[in-house]
Amino acid sequence: MSVDPRGLRPSATFPPNVIAEIQRAADQGLYEIRGFGAKRKLPTFDDLVFLGASVSRYPLEGYREKCATDVWLGTRFAKKPIHLKIPITIAGMSFGALGANAKEAIGRACTEMGTSSTTGDGGMTEEERRSSKTLVYQVLPSRYGLNPDDLRRCDAIEVVVGQGAKPGGGGMLLGMKITERVAAMRRLPVGIDQRSACRHPDWTGPDDLTIKIQELREITNWEKPIYVKVGATRTRYDVALAVKAGADVVVVDGMQGGTAATQDVFIEHVGIPTLPAVRLAVEALQELDMHRKVQLIVSGGIRSGADAGKAIAMGADAVAIGSATMVALGCNKPVYIEDYHKLDTEPGMCHHCHTGRCPVGVTTQDPELQKRLSPEQGARWLRNYLSVMVLELQTVARACGKSHVHNLEPDDLVALTVEAAAMAKVPLAGTDWIPGNGRF
Amino acid sequence: MCGIVGLFLKNPALRPQLGKHLSTMLIGMTDRGPDSAGIAVYHKPVGDSQCKLTLFHADPNYHWRSIGGQMGEDLSAEVDTEVKGNHVVLTVTSDEAIVRRWLKQHHPEVRVMGYGQLMEVYKDMGLPAEVIDKYSVRAMEGTHAIGHTRMATESAVTTEHSHPFTAASDMCLVHNGSLSNHNNLRKWLRARGHEFETDNDSEVAARYFAQRMDEGASLPEALEAGLRDLDGFYTFTMGTRDGFAVLRDAISCKPAVLAETDDYVAMASEFRSLANLPGVDKASIWEPKPAVVYTWSLQ
Amino acid sequence: MINVDLAAETVRDLNQRLHDLPADTNERAWRIVNPKGAHALVAGLDRPVEVRIEGHVGYYCAGMNKQASVTIDGHCGVGVAENIMSGAVRVKGNASQSAGASGQGGLLVIEGDAAARCGISMKGVTIVVGGSVGHMSAFMAQTGNLVICGDAGQSLGDSIYEAKLYVQGKVESLGADCIEKKMTPHHIAKLERLLAEAGIKADARKFRRFGSARKLYNFHVDHADAY
C-alpha cells in the first residue's frame, strides 16, 4: 500500500531542514557551527541589470578600444599607496582556515594578475608573503600572530572590526584544525577549540580606533595604506566613522560573506546583504565628500565580472572575493564524492570547512587532503577565473561606453525587483520608480 | 567619538581658577574632539525667586534684548540678559518651567542649553581652544564644571548633537561611548512626557536620569537605576547643583581617569587632561571601577 | 645621551629617527622630555637602545617593542607595550587599560597600578605589576606570566588559556575557567626569578597561583553557562 502523494503537504515553517536542525540541537546541545556564507535567498546583484549601448549611448570595441581596470588604493594618507591592475582582490582568509597550499596558490595567482591577497585571523605565512606580490595584513581582535616585522613587510594593513558572516563575532577555529603549525603561530595549545574575542583588546569605539590607526601608522612610518573592514550592519554610520577615524580604505562585507567556521545563527540572521550595503557605504562617503578619496572595497557574494561591475557602478572602487576564490580552487567540485559523503553532504551543498576534512584540499590542515590541491594547479585555476571576471567586467563596461570601469555609474543600472530597486536605489526597469526614497 | 572632563573644587580658594583649569583640561581633549566643544559651569547663583537659563541661536546677532523685553512683559518679570557669543544668559524673576514654556510658545527657534539657578551651558563649533576663547572660559570662576569635546560623525557639524545635554534644573550630562537600547528608552521617556531635540543616545541618558530623579530618586539612586536600564558602553559624567558624578558600565571599555587631592576631584577620558592640574603629582590617580557610582558634592 | 624635547620636535620625527637608526647604532641612550600625553610614542622600536621618557605618555607607548629598553617616568595611557615582542618596558607610575595587551615576549614592569584588562590576550610576555590591577585582567591570556603584587579586580583570568598568574593581594573574583592552583617550590623559585628580573621586592611565598581549569578547551554543552 503506497502513500498517496497528493495528500502530502510540506510545511513552509517546518521544512525538512528546520526539523533536522531542531532535532540535531536536541541531540547535541550545541549550536550549529559551519563554514561558507549565508545560504538563504537574498536580494543580490542578480536583480540588477546594465543598460548597454543603444542609439543614445555608444559602445566601445572589444580589445582594441581600451577599457582600463586599474585602481589606486590608499591615496589619502599612505606614502606608498597600492596600484592594482584589476579591481578584484582576494579577501582575508586565515592560514588555519585554509591550508598552506591554498594560501600559496592564491598568492601566486594574485601576483600574476596584479592584484592583492589578504592574510587572515592567524597571521602571515612565509609562503604567502613569498608568493603574493601585494599582501594586505589583517589586524584582528584576536591578534594571533601579529608582529611588527610582518606589519612592516606587508603592503597594506587591514584593521578588522568585523566581517559579513558574523558582524559582532570573533574568529573561530575548531580543535581538529589547530595543528602544531597553526598552534605555534597562534600561541595556543594543539587541538583545542579556539575561543576568540569579538572586540579588539586595546581599543573600543571610533575615538580609540583613531588613536590605534595612528599607532599603526607610526610603527610603519606612514607608508602603508590602512584599511578598516566592517561587516555590513549600520553601514552608513560605520563608514562615516571609519573615515573620521582616519582610514585610507574602507572594506564593507555583506551578509553573504563567507567564513570557515561560525555559528549558523550568525551567518543567516545578522547583517545586511551586500546590495544595500554598497549603496549605504557610497552615500556615507559622498556625504563626507570622500568618495574616491577614501576608497571602498566591497565583498560578500561577489561571483562574476557582472557582480564586480555592478558593485563598481554603484560606487565601489574594487571588490574582494573569498568564497568565490575557494570555489575556483575546487570548493564543492563534484570529485572525491565519497569524501563528501563521509561528511554527510554532497558536492554543491558542502559547507563543512569547519571540520578540516575538505574533500578538495582547500580548507584543511591534513597533509593527505592538501595533496589534492597543488599550489601550481590552484594558482592556474584562480588566475583563469580572475581573468574571466576581468574580461566579463570589461565587456559590460565597454557595452556601457566606458573606457575605464570606474566610469560605470548607478545610472547604468536598473532593477528587476522592488527590493533590489529600493536597496540599490536604482529605478525598477521600465519605470522612474525608486521605492523607499523617503527616509534614506 | 569624544573626550569628556569634569572638575569639582573642594577648596574654595581654587574657585577663581575654575575656568583656567577647565580650559587646560578641555584643550587636552582636542585630539578626541576637534569639531565642537561644550561646557557646563556652576557659578553665580541667582536668588531664590529667580532662575537662570542659557539660550543659543546660530545667528550671533540674534535679537536677545527684545526677546528678553517681551518675556519680561508677558511674565511680569525682571529679565537680565548677558550675551556671550551665540549664547545669552537670562536671569529671570520667575520659575524656569514657566520661562521655558513661554520660550517654546513664542520662540521655538531658540535652543535652551541649560537652566536652573547656577548652571550655565555653552556649546559651540570649533576647536576647544576656539570655544574657550569665544566664551572667555579661562576667566570663569565657580565650584564645578563638566566639559565635552566632539568629533562629529555626521557631515554637517552643528551643535545639535553636542554635549552636555541638559535634562533638569542644574543638571546635565556628558557621555563617552555608545548605548545599545536607547531607542526603546526614548519611547518609554516620551510616554512620560519627555521631548527630544535629537536622536542622540546621550540625550536619552540625560533624560532618563532626570526621569528617575523626578520620581524621587537621589542622584546615586538614579545612577544605580541606570546601571540596570541603560545597555551599552558608557562613561558618564554628570553635573548637578551640588557636585558631579561619574559612572562606567559593567564592562568599562571606554576610558576614564580620576585624580583627587584635598583641593579637587578631576575626571577625564585621558590622563593628559589632568596632567597640568596643581598638585597632580601628589594626587591619588585611579580609574573608576565598572558599575560603581562615584559622587562628590559640596554638602 | 641624546636629548629630545617634544615641545620642539614632533612625535613623528622622533619615531622616524629611532626607526632609522642602523642596526649597529651607537646612539643608544635617549632621553625624552615633555611627552605631554602624546600617543604612540616610541612605538615600533627595533633597536638595542635605552629610552627614558620623563613625564606622562598617552596610548600605545612602546607599542610592538622589540629589543629596546624603555622607561616611562610618569603615568601611561591605554595599551602600553601592546604586542611587545622582546626587550623591556618599565612604567614608574600607573598604567591605564590593556597594559601589555597581546604581548608576545619581553618584559613589562608597572611599578604603580595597572587598570582594567592588564595582560589581556597575552601571548608570552612577562608582566610584573608592583601595585594592583583592574577588572578583566588576563582575559583570554594565552601564555606568559602575570605577577601582581597588589590586588586583582573582578573576573581575573576570564577565559584563560595557558598563561600563569601570581597574585599577592586579594582577588575580587575569578573569571570563567580560572582557578587557584598550588604553589610548589618550583613555582616559588620561578616567581622569585620573575620578581628579580623586574627589580620588584616581594616575598614569593606570599603569592597565590592561578591558571586555567581547561574545561573550555573543547566545547561541551555542560559548560555552556561559561560562554
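Does R24(A) count as buried or exposed? At 17% relative accessibility, R24(A) counts as buried, because the cut-off for that label is under 20%. Keep in mind throughout that this is a predicted model.

## A salt bridge along a helix

R24(A) has a charged partner: E21(A) forms a salt bridge with it, and the closest N and O atoms are 2.8 Å apart. Both residues sit in helix α1 of chain A, which covers residues 16–28. They are three residues apart there, so about one helical turn separates them. While R24(A) is buried, E21(A) is partly exposed, with a relative accessible area of 29%.

## Two more bridges within chains

Chain A has another salt bridge to look at, this one between R6(A) and D4(A), with 3.0 Å between the closest N and O atoms. R6(A) is exposed, at a relative accessible area of 73%.

Now hop over to chain C. The side chains of R205(C) and D203(C) meet in a salt bridge there, at 3.1 Å from N to O. R205(C) counts as exposed, with 63% relative accessibility, and D203(C) is partly exposed, with a relative accessible area of 26%. Some salt bridges share partners, and in this way D207(A), D208(A), D31(B), R32(B), K254(B), E270(B) and R272(B) are joined into one network. Over all chains, the count comes to 68 salt bridges.

## Where chain C meets chain A

How many residues of chain C are in contact with chain A? The number is 41, and they touch 39 residues of chain A. Put together, chain C and chain A bury about 3300 Å² between them, with 53% of that on carbon and sulfur atoms. In chain C, the residues that lose the most area to chain A are Y60(C), M64(C) and Y161(C), and together they make up 19% of what that side buries.

Four salt bridges turn up across the interface of chain C and chain A. One salt bridge to look for joins the side chains of E218(A) and R12(C), at 3.0 Å from N to O. The count of residue pairs in polar contact between chain C and chain A is 22, with both residues at pLDDT 80 or more. On the side of chain C that touches chain A, the elements giving two or more residues are α1 (11–20) and β7 (123–129) of chain C. Of these, α1(C) gives the most, with five residues. Sorted by class, that side has 18 nonpolar, 16 polar and seven charged residues.

## A closer look at N221(A)

Which residues does N221(A) touch, leaving out those up to four places away in sequence? They are K79(A), R12(C), Q16(C) and H19(C). With H19(C) there is also a polar contact: the side chains of N221(A) and H19(C) are joined at 2.7 Å.

To find N221(A) in the model, go to the loop between α6 (206–219) and β9 (226–231) of chain A. N221(A) counts as buried, at 10% relative accessibility.

## Where chain B meets chain C

What does each chain bring to the contact between chain B and chain C? Chain B puts in 17 residues and chain C puts in 15 residues. The two chains bury about 1200 Å² between them, and 44% of that lies on carbon and sulfur atoms.

Between chain B and chain C, the count is one salt bridge. The side chains of E172(C) and K289(B) meet in it, at 3.3 Å from N to O. Polar contacts between chain B and chain C come to twelve residue pairs, with both residues at pLDDT 80 or more. By class, the side of chain B that touches chain C has seven nonpolar, two polar and eight charged residues.

Key
Residues numbered from 1 in each chain as written. Chains lettered and ligands numbered in written order. Predicted model: local features only at pLDDT ≥ 70, side-chain atom pairs only at ≥ 80, totals over all residues. Heavy atoms only, no water. Contact = heavy atoms within 4.5 Å. Buried area = accessible area lost by both parts, 1.4 Å probe. Polar contact = N/O pair within 3.5 Å; in protein donor to acceptor, adjacent residues only side chain to side chain. Nonpolar A, V, L, I, M, F, W, Y, C, P; charged D, E, K, R; others polar. Helix = DSSP H or I, 4+ residues; strand = E, 2+ residues; numbered from the N terminus. Buried < 20%, exposed > 50% of the residue type's maximum accessible area, 1.4 Å probe, protein only.
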